[in-house]
Amino acid sequence: MKIGIYTLGCKVNQYETQAMEQMLLAAGHTLGSFDEICDGYIINTCTVTAVSDKKSRQVIRRARKTAPDAVVAVCG
């Protein structure tokens, strides 16, 4: 499965994303660019402020628009 990952937020989120990438690669998945068509997307969000909430929703919509049939997972 080809997975695109997008990270919003602090260094902790960036570290968590790196850990997810390693786990996905170990499980045999491939990583793609978030802006290309993938089988699935992981969005590691930050919702500390209203601005970060808005950015998170925009990224989720962008993933749905890029690949409507893809699985979209949101965490953070």
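In this predicted model, the buried residues of helix 2 are Ser52, Ser56, Val59 and Ala63. Viewed down the axis of helix 2, these buried residues fall within an arc of 65 degrees, so they line one face of the helix. That buried set packs against strand 1 (2-7), strand 3 (40-44) and strand 4 (71-75). On the face of helix 2 turned away from the buried side lie the exposed residues Ala50, Val51, Arg61 and Lys65.

The length of helix 2 can be checked against its residue count. Helix 2 comprises 17 residues (residues 50-66), which at 1.5 Å a residue should span 24 Å. The C-alpha atoms at its ends are 25 Å apart, in agreement with that expectation.

Serine 56 belongs to helix 2. Its relative accessibility is 4%, and serine 56 therefore counts as buried, the cut-off for this class being under 20% relative accessible area. Leaving aside residues up to four places away in sequence, serine 56 touches Leu8, Thr45, Cys46 and Thr47.

The aromatic side chains form the second topic. The count of aromatic pairs comes to 2. In one of them, the rings of tyrosine 6 and phenylalanine 34 have centres 5.1 Å apart and planes at 55 degrees, so the pair is tilted. This pair links distant parts of the chain, since tyrosine 6 lies in strand 1 and phenylalanine 34 in the loop between strand 2 (30-32) and strand 3, 28 residues apart. Phenylalanine 34 also forms an aromatic pair with tyrosine 41, and the arrangement of that pair is edge-to-face. The geometry of the pairs is set out below.

| Aromatic pair | Distance between ring centres | Angle between planes | Arrangement |
|---|---|---|---|
| Tyrosine 6 and phenylalanine 34 | 5.1 Å | 55 degrees | tilted |
| Phenylalanine 34 and tyrosine 41 | 5.2 Å | 70 degrees | edge-to-face |

With regard to accessibility, tyrosine 6 is partly exposed, having a relative accessible area of 26%. Phenylalanine 34, by contrast, is buried, with a relative accessible area of 6%. Tyrosine 41 is buried, as is phenylalanine 34. Together, Tyr6, Phe34 and Tyr41 make up one aromatic cluster.

Notes. Residues numbered from 1 in each chain as written. Predicted model: local features only at pLDDT ≥ 70, side-chain atom pairs only at ≥ 80, totals over all residues. Heavy atoms only, no water. Helix = DSSP H or I, 4+ residues; strand = E, 2+ residues; numbered from the N terminus. Expected span 1.5 Å × (residues − 1). Buried < 20%, exposed > 50% of the residue type's maximum accessible area, 1.4 Å probe, protein only. Arc of directions from axis to C-beta. Contact = heavy atoms within 4.5 Å. Phe/Tyr/Trp six-rings, centres within 6.5 Å; stacked < 30°, edge-to-face > 60°.
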